[in-house]
Amino acid sequence: MRSSIEYGLARARIASVGPVVTAALETLGARVSIAPAGAAFYMKPLVNAIAPRHSSRSRRAAAALEPPGSAGYVKGVSREAVRFMQAAIILFPGSNREQDVHDALKRATGKEPLRIWHRDSDLPKADLIVIPGGFSYGDYLRCGAMAAHSPIMREVKARAETGTPVLGICNGFQIVTEAGLLPGVLLTNKTLRFHCKDVHLRVETSQSVYTRRYNAGQVIRVPVAHHDGNYFADPDTLDRLEGEGRVAFRYCSADGEIDDASNANGSARAIAGILNAKRNVLGLMPHPEDATDPLLGSTDGQGFFAALAEALA
């Protein structure tokens, strides 16, 4: 019997890849992105592989979903080995902002975050769990829908329930809503276009481990990079978020005004980020990790990660 095997990544270890090779890979229908130094290149074929369930081809395809040992991923690490580690970054096929958030956390804390592969079911002890941006599973079916059912997410939800901070950025926001950690859903931008630009955010609350370094009403500038960032929830849910002070950030103008021009993706009530009832889970579409270095054009995100470093020290 033949069945469709898991839609995922095929790995190609390439010692030196120039523009010509990259173009050739893309011609073959692969999405190519550069992993951290010393890591592999990843390419995602744009067709399903069909193979007998227990054939050698099926086993090879399943092995292709495993992370390369040299890329800094952690599998089966003892809790004792990571007792001083502060953050764990969850990696899915298609994640592409893990290095950005890794660098922001390391700058703020001086500690090396863990990288945890999505197929792992055992999550080492961590003070903070981060689900970074990207296009998990190529955004197929629905953004974040497939990633929300990865083995590691059962443990992420269990940790969130016990109070461990969980941060979902961009695609991570989509994943945590699909997983039921936050209410609502992220729809296609009202412009039907991908938005990649700096935006202004108004901090709506300083009462969280993420926003404690900001003042309510403060305006910060950070980038966005998404096609499906239009936050939607029913009116009762929106009223509950407002009444409980769980709206963390709103899109606004440079002077803090809420208007349609500043809310380019069409999010309900200009919402850019929300907290759960316990205030330990935050989802937001903008990328504060990409506003933590002067070379990136803004350092307004430094307070975000400094707040985490203080709260989790």
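**Close-up views of a predicted model**

**View 1. Parallel pairing of S9 and S16.** Strand S9 (residues 166-169) and strand S16 (residues 281-284) pair in the parallel sense over four bridges. Two strands count as paired if DSSP finds at least two bridges between them. Strands are DSSP runs of E, at least two residues, and helices are runs of H or I, at least four, numbered from the N terminus. Ile169 has Leu284 in S16 as its bridge partner. The model is predicted: local features need pLDDT of at least 70, side-chain atom pairs count only at pLDDT 80 or more, and totals for chains, interfaces and linings use all residues. Residues are numbered from 1 along each chain as its sequence is written, and side-chain values use heavy atoms, with hydrogens and water left out.

**View 2. The open sheet of nine strands.** The order is S7-S6-S8-S9-S16-S15-S14-S11-S12, with mixed pairing. Strand S7 (114-117) and strand S12 (219-226) are the edge strands; each pairs on one side only. The twist averages 25° from one strand to the next. Angles run from 0 to 180 degrees between N-to-C directions; axes are lines fitted to C-alpha atoms, for helices over the stretch in contact.

**View 3. Helix H5 across the sheet strands.** Helix H5 (residues 171-178) lies across S8, S9, strand S15 (271-275) and S16. H5 runs at about 120° to S9.

**View 4. H3 against H7.** The axes of helix H3 (residues 98-109) and helix H7 (residues 302-311) come within 9 Å and cross at roughly 55°. Val101, Ala104, Leu105, Ala108 and Thr109 in H3 meet Phe305, Ala306 and Ala309 in H7, where contact means heavy atoms within 4.5 Å.
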